Amino acid sequence: MYNMENKFFKVYKEIYQHEKFRELTGDHIIYYSWLLDLNELSKKHAKDFTDSDGRLFVIFTEEDAYRYCNIKKGKLYRIKSKLKEVGLIDYKAQKVKKAGISTPIYVTPYDIWKQKKQIDFAS
């Protein structure tokens, strides 16, 4: 179970408002927002959530996605794939699926992602 000291997490309204993100559903955005929140928690415990290359990651299993986001397994794979495709997260798919085990998920903070893509939300 995750530390629920924060009862809220940030959802970037821009994602809903820009044409480039029309293919992302509310489930994509909520899942990504959870991952962003967990990324902040990983920063606090960086020695446990940093890989050998120095990259910060989060662990969020299929069970966690269902428990906290109400996203079932089949849909979760599609959500993760789309978020990876647009560059908001990165991960390596497991070669052998193990229940309750998650590979590290590397979350790109939204502001950094936006700078990389040089997206102008004023238009």
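A charge sits over a ring if NZ of Lys or CZ of Arg is within 6 Å of the ring centre and within 35 degrees of the ring normal.

View 1. The charged end of Arg 55 lies over the ring of Tyr 106, 3.8 Å from its centre. For Lys 80, the charged end sits over the ring of Tyr 91, and the distance to the ring centre is 4.5 Å. Residues are numbered from 1 along each chain as its sequence is written, and side-chain values use heavy atoms, with hydrogens and water left out. As the model is predicted, local features need pLDDT of at least 70 and side-chain atom pairs count only at pLDDT 80 or more, while totals for chains, interfaces and linings use all residues.

**View 2. The ring pair of Tyr 31 and Phe 60.** The structure holds 9 aromatic pairs (rings of Phe, Tyr and Trp, its six-membered ring, with centres within 6.5 Å; planes under 30 degrees apart are stacked, over 60 edge-to-face, the rest tilted). The centres of Tyr 31 and Phe 60 are 5.7 Å apart and the planes stand at 50 degrees, so the pair is tilted. Tyr 31 is buried at 0% relative accessible area, and Phe 60 is buried at 2% (buried means under 20%, exposed over 50%, partly exposed in between, with a 1.4 Å probe and protein chains only).

**View 3. A cluster of rings.** Ring pairs join Phe 9, Tyr 31, Trp 34, Phe 60 and Tyr 68 into a cluster.
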